[in-house]
Amino acid sequence: MNKKYENMVGYLLDWYDKGVRILPWRENPKPYYVWISEIMLQQTRVEAVKPFFDRFIKALPEVRDLAEVEEDKLLKLWEGLGYYNRAKNLKKAAIMIMEEYNGTLPASYEHLLELPGIGSYTAGAIASIAYQIPVPAVDGNVLRVTKRITNSYDDITKQKVKSELENELKDIMPGDRPGDFNQSLMELGATVCLPNGKPLCDKCPVYSICEAREQGSYMQIPVKPAKKARKIEEKTILLIEHENNIAIRKRDEKGLLSGLWEFPNFNQKLSLSEIEELLKNNNVELDEIELLGEAKHFFSHIEWRMIGYKIKLDKRIDPDSLIKIESTELLCDNNMQFNWVSRNKIDEEYSVPTAFKAYKEKM
């Protein structure tokens with residue numbers, strides 16, 4: 001084990017005691033709160049998570065509530081956080097917790113790992129913070145901090161590197177404060193030893209033992225391979241309006257953004273005249289059409305490049321009916337049925353993903 005890791009324990013706990021951020025899941029670290037917060041915090045900043053956490057816990061205060069919630073309501077509560085499969089896994093895990101653990105998250109690292117959506121990091125966080133079990137919780141923040149302290153050029157995307165670090169941290173884990181120790185490492189990576197840009201070394205509690213700071217190599221560490229270029233997909237998004245109602249549909253239950261609601265869209269960029277012609281050929285009569293401009297959205301592996309149009313339909317279309325477009329070329333790759341929904345209901349009840357945010361704001 002690298003001696004640097006052992007030396008950092010006291011520095012980190014002293015620093016944590018003096019300046020820890022007050023967060024709702026820290027003030028009341030019940031297992032359910034820790035679990036929900038850790039899933040929300042994956043790839044999302046703490047300040048951004050706070051209102052989502054408060055809203056979620058108010059609506060679903062206990063594991064039983066999460067296990068019984070309707071999926072549409074759950075996805076609406078998750079709207080804006082992205083990675084909606086995480087929300088679906090929360091419900092799957094909650095059902096399992098109700099059936100196998102009497103509604104309480106198991107106080108066992110190994111049993112936590114068996115729950116859907118919980119990997120080694122989340123299991124370690126719940127076990128150490130909620131139950132004071134001395135197990136590590138290694139995420140990107142922890143990998144960055146520790147690799148800089150030891151000036152290590154290990155590739156942090158390799159499972160072997162993560163596993164070795166987990167074993168080393170387990171050896172130095174303070175038995176009386178494992179949760180605080182794990183959180184001090186996370187906190188240091190989130191607020192001082194930053195992921196993007198220059199770290200705030202003058203504010204670092206382990207400044208004196210950090211080899212990357214001493215060697216001036218902190219901007220080269222941690223090491224990870226370059227990301228593959230995202231696949232580019234072009235889209236045309238339509239806000240179809242009639243008498244203050246908007247047409248939306250539910251996406252398929254499999255694939256990207258599964259089970260969420262969307263505006264009508266084409267899997268290609270189309271001009272205004274092309275839109276008019278396609279809709280006319282499918283017996284959709286227009287009142288007026290407006291260009292809404294272009295927008296982009298980035299998923300982990302895909303980039304959407306979009307153009308949007310706002311369309312008002314002729315008054316002869318019944319706003320309470322469904323539009324059915326009988327064309328496999330039009331509006332994605334299926335025959336489509338749309339629900340007419342008021343703007344207020346879309347805002348309050350329907351989970352429209354952030355990918356459509358630029359156009360949702362123009363409803």
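**Figure 1. Two assigned domains in the predicted model.** The domain assignment divides the protein chain into domain 1, residues 3–215, and domain 2, residues 231–361. The structure shown is a predicted model. Taken over C-alpha atoms, the centres of domain 1 and domain 2 are separated by 38 Å. Where the domains meet, 10 residues of domain 1 and 18 residues of domain 2 take part in the contact.

**Figure 2. Buried area between domain 1 and domain 2.** Together the two domains bury about 880 Å² between them, and 40% of this area lies on carbon and sulfur atoms. On the side of domain 1, Asp72, Lys76 and Tyr84 supply 52% of the area buried against domain 2, more than any other three residues.

**Figure 3. Polar and charged pairs across the domain contact.** Between domain 1 and domain 2 there are seven residue pairs in polar contact, with both residues at pLDDT 80 or more. The count of salt bridges between domain 1 and domain 2 is two. A salt bridge joins the side chains of Lys360 and Glu79, with an N to O distance of 3.4 Å. Side chains of opposite charge can pair when their charged atoms come close.

**Figure 4. The side of domain 1 that touches domain 2.** At least two residues of this side come from each of helix 6 (71–78) and helix 7 (84–101). Helix 6 gives the most, with four residues. Sorted by class, the side of domain 1 that touches domain 2 consists of three nonpolar, two polar and five charged residues.

Figure 5. An unreviewed UniProt entry carries the annotation "domain: HhH-GPD" for residues 40–191. Over residues 40–191, the chain is 68% helix and 0% strand. The C-alpha atoms at the ends of this stretch are 18 Å apart.

**Figure 6. The salt bridge between Arg21 and Glu187.** The count for the model comes to 21 salt bridges. Arg21 forms a salt bridge with Glu187, and the closest N and O atoms of the pair are 2.8 Å apart. Arg21 lies in the loop between helix 1 (3–19) and helix 2 (24–27), whereas Glu187 belongs to helix 12 (residues 178–191), so the pair ties together parts that are 166 residues apart in sequence.

Terms used
Residues numbered from 1 in each chain as written. Predicted model: local features only at pLDDT ≥ 70, side-chain atom pairs only at ≥ 80, totals over all residues. Heavy atoms only, no water. UniProt positions renumbered as here; feature names shortened; annotations may be inferred. Domains from an automatic or database assignment. Contact = heavy atoms within 4.5 Å. Buried area = accessible area lost by both parts, 1.4 Å probe. Salt bridge = Lys/Arg side-chain N within 4 Å of Asp/Glu carboxyl O. Polar contact = N/O pair within 3.5 Å; in protein donor to acceptor, adjacent residues only side chain to side chain. Nonpolar A, V, L, I, M, F, W, Y, C, P; charged D, E, K, R; others polar.
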